[in-house]
Amino acid sequence: MWYHESIFYQIYPLGFCGAPNENDGVTQNRINKVAEWIPHMNRVGINTIYFCPVFESGFHGYDTRDFTKIDCRLGSNADFKDVLDKLREAGIRVVLDGVFNHVGRGFWAFLDVLENRQSSPYKDWFYLDFGRDSNYGDGLWYEGWEGHYDLVKLNLNNPQVVEHLLGCVRGWIEEFGIDGLRLDVAYMLNEDFMRKLHNLTKSIKQDFFLVGEAIHGDYRRIVNGDMLDSCTNYECFKGIFSSFNDKNMFEIAYSLNRQFGPENWTLYKGLPLFNFVDNHDVNRIASNLSQPDNLMAAFGLLFAMPGIPCIYYGSEWGAEGVKERGSDAALRACFPEPIENEITKWIASLADIRKNNPALMYGGYHQLYVTNLQYIFAREHDDNRVVVAINADAAPYTAEIPLDSELVCLSSGTRFTCTGSLALAPNSAAFYRMA
């Protein structure tokens, strides 16, 4: 499938475009800024964009008011379609954020409930108790998402709600030609709803991509032939930066062996999990690493491990950002224009290496060597075999590995014979094809 071969680029549109934090009701075409970045994305090797919420909301996008309208702070539906047409012309697919667990207090059906109470035809769209009061003094109580009462939980057991949401999804595919959806808080979504969503989207586009947000638990519960194609690999997100910070490459090695190792008991062999080193909810990788010199190696590991790599906008040049108490603003910045530096060039080379080696897109995983600061593994698919060597140390290192083969460095093209030892440069990630 196309998503196995994709380099994803995550954009948080409201922040990326410099939109006001609160919806001011003024329609302004800010979303065209994405089209202006297409040459940059092409140079980096991006071929799929994942947009965080783009639909009409009150504040941050996850408090939806209307699933059929692009947020006026970004522009109109026609403005968004124009951008997507330009992306498609540039060979870039589009995945949108599907926020189906909850809506904002300004959602039209919830406003009807607040006005008409028990007489509202939409009273069963939510989890309500007319005998209690909410934190907002509504004279009724409703369930919010994980205690956040600005986010009103939808009743996905109600066929009318499901029909409305699926109708909106069909509209997004028909109007915008989207290629997939990322499901917000998929770990708590109604499973029957996800099955219905799967059936609908696959009936329209057989290769439609469904990826869910999963923080913990068994990913196969939602990633299977009846529901989703992928989910966020938070286990390895944490494992990547903490392995470098704690000088303990055994942590990420354990996770990858547990998930993708050659043994029959491994959990997710063959599943294209969605890999990342940062996103709109967590500290940027350049801020998370205690040793900045490890940044290149961390990105190398992201592109080398089994699954689908995703870059968060700005992190491809080393932008920093730390989550503050009560605010994600520092993570969702507006950059006037893209920056291209040595980090960007490195990521572009990683994208090129991955696209030209099926082992990195489809291959199995086999650990060759691990210490506290070094980590070497192999990926194989048919006759394409790639060895990946990570050195998190500031000093060069020679690893004794069970390998006797001619190798070609995929960055430099240098060919040499490995007879049981491999020299690693300081703070590096190196990719070798076995000749």
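This is a predicted model: local features need pLDDT of at least 70, side-chain atom pairs count only at pLDDT 80 or more; totals for chains, interfaces and linings use all residues.
Close-up 1. Helix α8 covers residues 234-245 and helix α9 covers residues 250-260, and their axes come within 8 Å of each other while crossing at roughly 155°. Because angles over 145 degrees count as roughly antiparallel, α8 is described as roughly antiparallel to α9.

**Close-up 2. Contact of helix α6 with helix α7.** The axes of helix α6, made of residues 159-176, and helix α7, made of residues 191-204, come within 11 Å and cross at roughly 30°. Since an angle under 35 degrees counts as roughly parallel, α6 and α7 are therefore roughly parallel to each other, and their crossing is right-handed. On the α6 side the residues in contact are Val162, Leu165, Leu166, Val169, Arg170 and Ile173, and on the α7 side they are Phe193, Lys196, Leu197, Leu200, Thr201 and Ile204. By class, this contact of α6 with α7 holds nine nonpolar residues, one polar residue and two charged residues.

**Close-up 3. An aromatic cluster that includes Phe193.** Phe193, which belongs to the α7 side of the contact with α6, is also a member of one aromatic cluster, together with Phe55, Phe67, Phe100, Phe107, Trp108, Tyr122, Trp125 and Trp172.

**Close-up 4. The stacked pair of Trp2 and Phe8.** A pair of aromatic rings is described by the distance of the centres and by the angle of the planes. The count of aromatic pairs in the model comes to 36. One of them is formed by Trp2 and Phe8, a stacked pair with 6.5 Å from centre to centre and 25° between the planes. Both residues, Trp2 and Phe8, are buried.

**Close-up 5. The edge-to-face pair of Phe416 and Tyr432.** The ring centres of Phe416 and Tyr432 lie 5.6 Å apart and the ring planes stand at 85°, so this pair is edge-to-face. The pair links distant parts of the chain, with Phe416 in strand β20 (residues 415-424) and Tyr432 in strand β21 (residues 428-434), 16 residues apart. Phe416 counts as partly exposed because its relative accessibility is 28%, whereas Tyr432, with a relative accessible area of 9%, is buried.

How values were computed. Residues are numbered from 1 along each chain as its sequence is written. Side-chain values use heavy atoms; hydrogens and water are left out. Axes are lines fitted to C-alpha atoms, for helices over the stretch in contact, and angles run from 0 to 180 degrees between N-to-C directions. Helices (H or I, at least four residues) and strands (E, at least two) are DSSP runs, numbered from the N terminus. Angles under 35 degrees count as roughly parallel, over 145 as roughly antiparallel, 65 to 115 as roughly perpendicular and the rest as oblique. A crossing is left-handed if the near helix is turned anticlockwise from the far one by less than a right angle, and right-handed if clockwise. Contact means heavy atoms within 4.5 Å. Ala, Val, Leu, Ile, Met, Phe, Trp, Tyr, Cys and Pro count as nonpolar, Asp, Glu, Lys and Arg as charged, and the others, Gly among them, as polar. Rings of Phe, Tyr and Trp (its six-membered ring) pair if their centres lie within 6.5 Å; planes under 30 degrees apart count as stacked, over 60 as edge-to-face and the rest as tilted. Buried means under 20% relative accessible area, exposed over 50%, partly exposed in between (1.4 Å probe, protein chains only).
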